[in-house]
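Please report on the spaces and the surface of this structure for a reader who is new to it.

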Amino acid sequence: KNQFMVELEHEPETCVASGRSDVQRNAKLLIDLRERADDYDVKIVGGWAFPIGHKLWYVVEASGSHAVAELLFAVRVHSWNTVDIHPVLPHDTFAEDVLKPLTPGVD
């Protein structure tokens, strides 16, 4: 499986705390994101929110970005957020596979 960093960002007017009529449904979908992830063979590794900045981040594991995109489409986060999906490596893997070969003999 590959890891991806998902970034969601929305405007104050589209925030789940904005009072719009679809607030409850959207908030419930974000709460249920982990449960829905199984349907798309996506594992949520971790998630973070910065409410005052109207941003959310998730690290997920999936076979490819298409599975992540399908999950996010199903949860409809694109209807109130911009969505960016970035492939990422765990730092230990990056250090072992990229950094160490660049620094032979360096202590």
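This is a predicted model: local features need pLDDT of at least 70, side-chain atom pairs count only at pLDDT 80 or more; totals for chains, interfaces and linings use all residues.

Residues are numbered from 1 along each chain as its sequence is written, and side-chain values use heavy atoms, with hydrogens and water left out.

On a 1 Å grid over the protein atoms alone, a cavity is a set of points where a 1.4 Å probe fits but cannot get out, and a pocket is an open set with protein on both sides within 12 Å along at least five of seven lines; lining residues have an atom within 4 Å of a point. A volume is the space filled by probe spheres set on the points.

| Space | Volume |
|---|---|
| Largest pocket | about 160 Å³ |
| Largest cavity | about 30 Å³ |

Of the 13 residues lining the largest pocket, His 10, Cys 15, Val 16, Pro 51 and Leu 56 lie nearest its centre. Helix H1 (23–31), strand S2 (43–50) and strand S3 (55–62) each supply at least two lining residues, and H1 gives the largest share, 3 residues. Helices (H or I, at least four residues) and strands (E, at least two) are DSSP runs.

The lining of the largest cavity includes Val 6, Leu 33, Val 42 and Tyr 58. Its largest share, 3 residues, comes from H3.

Leu 89 counts as exposed (over 50% relative accessible area) because its relative accessibility is 53%.

Conventions: Buried means under 20% relative accessible area, exposed over 50%, partly exposed in between (1.4 Å probe, protein chains only).
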